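Hi there,

Here is the structure I promised to pass on. Have a look at it first, and my notes follow below.

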Amino acid sequence: MTFNRKIKIAASILSADFANFGHEIRAVESQGADWIHIDVMDGHFVPNLTFGPPAVAAFRKHVTTMMDVHLMIAPVDPYIAAFANAGTDILTTHFEACPHIHRTLQAIRDAGMKAGLALNPGTPTCVASNLLDQLDLICVMTVNPGYSGQKYINLGPKINELRSMIGDRPIHLEVDGGIDEKTAPIVAREGADVLVSGSAIFHGGTVDHPEVYGENIRVIRSAAESALQ
Ligand code: DX5
Ligand code: ZN
């Protein structure tokens, strides 16, 4: 896929029906989601527990866009090969979870995936500055990771600093947490190009009424795009 900075909506299936992932993935993709975002949590780095590599491999069969896997686990290195084998396109790890982050990012690329770095709300942007050559994506967490449906933390200046740091490099700037039609314009204006959204996309819809997902995606996308005009 060629690199572009157009606004992309990544649907987080953490807000989908957990008994129906295949249908849910196909429904949000057919309704306009650009990427599928999968939140992997270990009950250790974050308080919640979600999916491991076998579940991610099962999701892969339904994903026709980009499978964007957000690891909220520690340690990371022992699981890199398993997520590559599961068909991950982009594997994002938390700065705070990796004592040897440079090595971990290199290992993600060596395993054939794109490498992402996620920063918790309290982590400064400078930690990314020596890693830019190792990165395909930087994810600014706009909630403390662990749950969907939390309130957006305004980190506009942080997003903007990273946008300047990235410059012309082919690195996506993703935001994750509390993104809806009200917050999408703020993050887009500061330079984010990948907007992760869970509850604001799945709210009100079901696989039998996926048009609600489509309407939610359109509203978020147009709010973001209108901030760029
Ligand atoms: C939070 C996750 C997010 C979450 C976003 O730890 O990383 O991807 O699913 O959900 P919303 O959009 O509901 O904040
Ligand atoms: Zn996430």
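(Helices here are DSSP runs of H or I with at least four residues, strands are runs of E with at least two, and both are numbered from the N terminus.)

Before going on, some housekeeping. This is a predicted model, where local features need pLDDT of at least 70 and side-chain atom pairs count only at pLDDT 80 or more, while totals for chains, interfaces and linings use all residues. Residues are numbered from 1 along each chain as its sequence is written, chains are lettered from A and ligands numbered from 1 in the order in which they are written, and side-chain values use heavy atoms, with hydrogens and water left out.

Helix α1 itself (residues 21-30) is mostly covered, with 7 of its 10 residues buried (under 20% relative accessible area, with a 1.4 Å probe and protein chains only). Those buried residues are Phe21, Gly22, Glu24, Ile25, Ala27, Val28 and Glu29. Their cover includes β1 (8-12), β2, α2 (53-60), α7 (199-202) and α8 (211-226), counting contacts as heavy atoms within 4.5 Å.

Next, the metal. His37 (NE2), Asp39 (OD), His70 (ND1) and Asp176 (OD) coordinate the zinc ion (ligand 2) at 2.0 to 2.3 Å. Donors are N, O and S atoms within 2.8 Å of the metal (3.2 Å for Na, K and Ca), and sites may look incomplete as water is not among the atoms. The arrangement is octahedral because the 6 donor atoms around the zinc ion subtend angles of 70 to 169°; the label asks for six donors with opposite ones over 155 degrees apart and all others between 65 and 115. His37 sits in strand β2 (residues 35-41) and His70 in strand β3 (residues 66-72), so the pair ties together parts that are 33 residues apart in sequence. Both His37 and His70 are buried.

Ligand 1 is surrounded by 20 residues, the closest being Gly149, Asp176, Gly178, Gly198 and Ser199 (a heavy atom within 4 Å). An oxygen atom of ligand 1 lies 2.5 Å from a side-chain N or O atom of Ser199. The protein buries 100% of the 380 Å² that ligand 1 exposes when taken alone (Shrake-Rupley, 1.4 Å probe).

Finally, what does Thr88 touch? Leaving out residues up to four places away in sequence, Thr88 touches Val56, Met67, Val69, Phe83 and Met113.

Happy browsing!

Terms used:
Tetrahedral: all angles 85-135°; square planar, octahedral: opposite > 155°, others 65-115°. Buried < 20%, exposed > 50% of the residue type's maximum accessible area, 1.4 Å probe, protein only. Polar contact = N/O pair within 3.5 Å; in protein donor to acceptor, adjacent residues only side chain to side chain.
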